[in-house]
Amino acid sequence: YVAPVKDEVLYKRVQDLVEAKFLATFRGKHPKTVLYPALDVIKTEASAALADITDANVLKTAMGYLDDIKRNAMREVILTDGIRPDGRATDETRAVETEVGVLPRSHGSALFQRGETLSMVTATLGTRTDEQRIDSLRGETFKNYMLHYNFPPYSVGEVKRVGSTARREVGHGHLAERSLAPVLPVPDSFPYTIRVVSEILESNGSSSMASVCGGSLALMDAGVPIKEPVAGIAMGLIAEGDRMAILSDITGTEDHLGDMDFKICGTSEGITGFQMDIKLDNGLPKEILKKALAQARAGREQFLAAMNAVLPASRKQISEFAPAILSLKIPEDKIRELIGPGGKVIRGIQEESGATVNVDDGGNVTISAVVRKAGQKAYRMIQEMMMEAEVGKTYPNAKVKSITSFGAFVEFLPGKEGLVHISELENRRVEKVEDVVALGDQISVKCIGIDGQGKVRLSRKATLAPVG
């Protein structure tokens with residue numbers, strides 16, 4: 001590639017038209033809503049002044065020079081005056097506003113606004129059945145934490161068709177996702193599937209970092225016991241020869257016309273994620289990197305302070321709208337007993353309790369239910385099923401399952417049956433079992449013995465008051 005030769009005469013003509021205007025505009029300390037229209041006006045006026053150029057290629061070259069002059073003007077103002085287009089100093093961050101619990105029906109929600117960038121983030125808690133299944137060349141895996149980032153056209157004042165997720169959205173979402181991952185609780189202590197969604201409502205740079213800050217708040221609002229809050233900041237750089245300015249919390253214009261976009265996320269203790277894009281031909285000197293990291297930490301601590309003022313730690317209880325999840329461990333040799341032939345037993349527990357029950361190959365049982373009482377009932381049923389018969393113990397809610405001529409078989413624990421011999425039904429002689437019990441009756445029985453084969457002998461008579 002050979003760069004085209006610069007037309008000095010044309011460049012000087014365009015420079016005379018727009019340079020002073022660009023310098024004045026960038027020194028005007030304008031917000032985005034004023035800056036962008038002002039820059040457009042300069043471009044429109046320049047186009048009108050260059051209307052005598054009839055060659056399309058020459059006109060295209062002239063407009064390219066205009067963009068170069070705009071870039072140089074912004075950089076010159078920052079390097080010379082130490083003032084950025086919106087009036088901030090190079091190490092100054094934008095004002096932050098935060099709010100949590102903005103969506104009453106979601107499990108956790110937060111609004112995070114930094115200058116003209118606004119993100120609404122929700123956190124949703126699900127069960128193990130909500131995990132994302134990933135089928136890759138390395139085999140099947142499951143993911144119990146996801147962060148999705150949406151950047152609708154209206155966030156930057158555009159009107160266009162909303163299509164599939166763009167590469168930019170995937171990248172920004174991935175950065176935010178991995179930056180929050182280190183502070184999440186381990187699944188063994190918090191057996192929920194976690195989904196965070198960041199909706200960018202307005203954007204002027206650093207929307208992925210707003211997603212990190214808002215995501216941290218939404219997780220805490222949902223009651224997820226994260227280790228520490230996480231904040232993110234985007235750092236920029238303007239470098240011309242020996243002159244250099246490091247910019248904290250950059251805007252879209254500074255990202256587009258600057259030399260670096262360095263996103264850094266972390267807690268008050270350290271960094272959890274970062275990403276860097278640079279336009280310098282020779283890379284980034286170590287000294288500049290150290291200064292950028294130190295300046296970023298100061299800005300990050302300001303954001304953390306603003307977040308802590310709204311919600312300093314995770315809520316003690318998860319949202320009342322989140323599913324109740326209980327867990328317990330059963331012996332591996334009892335897994336088949338819990339599942340039952342063809343899944344009959346576990347389906348019966350689910351139908352009776354109204355909860356969803358899952359068990360893995362290690363004997364870890366997870367119970368989830370929309371209504372907490374349903375989950376607690378399933379928990380008790382499984383606990384009782386795992387119990388072994390104890391000689392001398394009374395079981396007050398044994399159910400008669402079948403009747404024979406010599407006695408009744410009753411289910412005294414879920415899935416466990418024993419025989420009440422006809423001689424153990426009453427304190428008197430019983431002619432027929434049906435004279436005392438019928439199918440489906442609930443009776444109180446006492447375990448009076450277990451033989452060598454594990455068969456349980458029960459007695460109803462032992463639970464009755466002795467005959468006077």
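Which side chain does a polar contact join to that of Glu-424? I looked it up in this predicted model. The partner is Ser-459, and the contact is 2.6 Å.

**Entry 1: around Glu-424**

I placed Glu-424 in the loop between strand 17 and strand 18 (442-450). I then checked for a salt bridge. Glu-424 has none, yet this residue is buried. The nearest side chain of opposite charge is Lys-461, 4.3 Å away.

Next I looked up Glu-426. Glu-426 does form a salt bridge, with Arg-460, and the closest N and O atoms are 3.2 Å apart. Glu-426 sits in the loop between strand 17 and strand 18, and Arg-460 in the segment after strand 19, so the pair ties together parts 34 residues apart in sequence. I checked burial for both. Glu-426 has a relative accessible area of 19%, so this residue is buried. Arg-460 counts as buried because its relative accessibility is 17%.

I moved back to strand 17, residues 416-421. Which residues form its covered face? I found Lys-416, Gly-418 and Val-420 there. Glu-417, Leu-419 and His-421 make up the uncovered face.

Strand 17 pairs with strand 16 (residues 407-413) in the antiparallel sense, over 6 bridges. Here Gly-407 stands opposite His-421. The hairpin has 2 residues between the strands, and Gly-415 takes a positive phi near 80 degrees. With strand 19 (residues 456-459), strand 17 pairs in the parallel sense over 2 bridges. Leu-419 stands opposite Arg-457 there.

**Entry 2: another hairpin**

I looked up strand 8 (residues 231-240) and strand 9 (residues 243-248). They run antiparallel, joined by 6 bridges. Glu-240 stands opposite Arg-243. The hairpin has 2 residues between the strands, and Gly-241 has a positive phi near 60 degrees.

**Entry 3: salt bridges elsewhere**

How many salt bridges does a search of the whole structure find? I noted 25. One of them joins Glu-177 and Lys-143, at 3.0 Å from N to O. Glu-177 lies in helix 4 (residues 167-180) and Lys-143 in strand 5 (residues 139-143), so this pair ties together parts 34 residues apart in sequence. Glu-177 counts as buried at 11% relative accessibility, whereas Lys-143 is partly exposed at 25%.

How values were computed. Residues are numbered from 1 along each chain as its sequence is written. This is a predicted model: local features need pLDDT of at least 70, side-chain atom pairs count only at pLDDT 80 or more; totals for chains, interfaces and linings use all residues. Side-chain values use heavy atoms; hydrogens and water are left out. Buried means under 20% relative accessible area, exposed over 50%, partly exposed in between (1.4 Å probe, protein chains only). Helices (H or I, at least four residues) and strands (E, at least two) are DSSP runs, numbered from the N terminus. Two strands pair if DSSP finds at least two bridges between them. Lys and Arg count as positive and Asp and Glu as negative; His and the chain ends are not counted. A salt bridge is a side-chain nitrogen of Lys or Arg within 4 Å of a carboxyl oxygen of Asp or Glu. A polar contact is a pair of N or O atoms within 3.5 Å; within protein, one must be able to donate a hydrogen and the other to accept it, and residues adjacent in sequence count only if both atoms are side-chain atoms.
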